[in-house]
Amino acid sequence: MYVHLDLGWLHHPFPVNNFKIISQAQIQTLKELGLSTIQYDPDKSEMASALNGDEDLPAGFLPDPESLSSSTPLNPQSLHSDAVEQWHAKVKHMDLQFLQAARGYEQLEQAALQQPQLARAAGEQLIANCLATLLPEQDVVLHVLSDSSANASSAHGVNVTVLSLLLGRAMGLKELALHELGLAALLHDVGKLALPTQPFVCGMNIGALDTSKTQHAHYAKHVGESVALAQSMGLSPAVTSAIAQHHEWADGSGFPLHLLGSDMELAGQILCLVNAYDRLCNPPDNHVSPTPHEALASMFTTHQRKFVPAVLAAFVRLMGVYPPGSLVEMTDGRQGLVTSVNTAYPLKPRVLIHDIKEAATLTLADLQASPQLGIRRGLGVHQLTREAVCALLPHRRVSYYFDSAVGVQPEKVLS
């Protein structure tokens, strides 16, 4: 049977939520989860071979087939059709905001080497502008991962800054600590400006490096140069420490000091995780980038030892199981693009859904208001139909758009 677990990654030991059962050990693990029912996909299951094989399924494991529908009734309870146009307008507005922030970052870069105090002033202003949109108790719309004309370094700097501020706020950092975290995130790569121009290895550095020791040593120097530039600006030890730790890993495999997670400050733990996430989503070597869902899944399953557990768990709660920009298949078979995350219900984001059977229309559905509609699995770009590619524009970077729900408790699966 091909099953789907409607659980967060924190609550089951399997590497993915959707898979075919191939062993008795998997069945035992599923039983130990204490679920009353488990969804399955008949089209991907091999019921005859499963029931007639050498090893019988445990008695009572299979639910009554009539209680499991192979299809979900179409009742999306979608937002008004004008919502699609409003969403596109909001994305355009966020792109403009992102461009302004990216230009601010470029001004900081231009002044960093020769006019450190001017660079500091530019950084302080940029962080103040970001914090002004983050702190109010209301829905927050943030602009990152844009396919604007901003260059790669400025886009990365702003992406990491915005996400670090979001995660820092979610983890309870106060105003001063948030401000210092933002400055560290903004300046973490500025030291590259002080190094001779050479091809840099990927900043993610997860897995085996395919570069020489000389190239890696050259790349690693940017950490110290970034710290030195921050010190020349007169920034606090909290800022310089976070910058110094942005390539350290919790398992001691990072650089330059091979610190453990317990040796790092919270700001450094946050910055190294967010930097890794953005490098996965936007690799500097122009390789095909994974979707946000694929990037987050990789961090949580394959590389989770490199991050402090509490920080990674907070990031998963913040981003949702399917972060904005993730491509997904709905339970009714349609394909969509996640546009926003409901932080109170991470499994119930808003999704822009493509339906080729209805004149290739787009529908913006709020899954929290659509109990009969859900996400079956994440998709890669190569799994989309040609029509969905054209309609959903998956290569367009989508703004991070977080819905806060005051007074609503988070789902148990991610609590």
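Which side chain meets that of R120 in a salt bridge? In this model, which is a predicted one, the partner is E124, and the N to O distance is 3.1 Å. Both residues sit in helix α4, residues 116–134, and being four residues apart they are separated by about one helical turn. Now the general point behind that. An α-helix has 3.6 residues a turn, so residues three or four places apart point the same way.

The structure holds nine of them. Side chains of opposite charge can pair when their charged atoms come close. One of these bridges is between R279 and D189, with the closest N and O atoms 3.4 Å apart. This pair links distant parts of the chain: R279 is in helix α9, D189 is in the loop between α6 (175–187) and α7, and 90 residues separate them. R279 and D189 are both buried.

Another bridge joins E329 and R376, where the closest N and O atoms are 3.5 Å apart. Here too distant parts of the chain are linked, since E329 belongs to strand β5 (residues 327–330) and R376 to strand β9 (residues 375–379), 47 residues apart. E329 counts as buried because its relative accessibility is 11%, while R376, at 21%, counts as partly exposed. There is also a network: D189, K192 and R279 are joined into one by salt bridges that share partners.

R376 comes up again with a histidine, H4. H4 is found in strand β1, residues 2–4. Which atom of R376 lies 3.2 Å from a polar atom of the H4 side chain? The backbone oxygen of R376 does. Not counting residues up to four places away in sequence, H4 touches N17, N18, I38, Q39, I375 and R376. With 11% relative accessibility, H4 counts as buried.

Next, the aromatic rings. A pair of aromatic rings is described by the distance of the centres and the angle of the planes. The count for this structure comes to three aromatic pairs. One of them is Y219 with F255, which is edge-to-face, at 6.2 Å centre to centre and 70° between the planes. Y219 is buried, at 1% relative accessibility, and F255 is buried, at 8%.

Why is the pair of Y277 and F315 edge-to-face? The planes of the two rings are at 75°, and edge-to-face needs over 60 degrees, so the pair qualifies. The ring centres of Y277 and F315 are 5.2 Å apart. Y277 is in helix α9 and F315 is in helix α11 (residues 309–319), 38 residues apart, and so this pair also links distant parts of the chain. Y277 and F315 are both buried.

In soluble globular proteins, nonpolar side chains tend to be buried together. The largest nonpolar core here has 61 residues, and the members that touch the most others are L167, L273, V274, Y277 and F315. Which helix gives the most to this core? The answer is α9, with nine residues. To take one member, L167 is in contact with I270, L273, V274, V311, A314, F315 and L318, leaving aside its neighbours within four places in sequence. A second core of 12 residues is separate, and V321, V351, I353 and L367 are among its members.

Last, helix α8. The residues V239, T240, A242 and I243 of α8 are buried. They cover an arc of only 160° around the axis, which puts them on the same side of α8. What do the buried residues of α8 pack against? They pack against α6, α7 and α9.

Conventions: Residues numbered from 1 in each chain as written. Predicted model: local features only at pLDDT ≥ 70, side-chain atom pairs only at ≥ 80, totals over all residues. Heavy atoms only, no water. Helix = DSSP H or I, 4+ residues; strand = E, 2+ residues; numbered from the N terminus. Buried < 20%, exposed > 50% of the residue type's maximum accessible area, 1.4 Å probe, protein only. Polar contact = N/O pair within 3.5 Å; in protein donor to acceptor, adjacent residues only side chain to side chain. Contact = heavy atoms within 4.5 Å. Phe/Tyr/Trp six-rings, centres within 6.5 Å; stacked < 30°, edge-to-face > 60°. Salt bridge = Lys/Arg side-chain N within 4 Å of Asp/Glu carboxyl O. Core = buried A, V, L, I, M, F, W, Y, C linked by side-chain atoms within 4.5 Å. Arc of directions from axis to C-beta.
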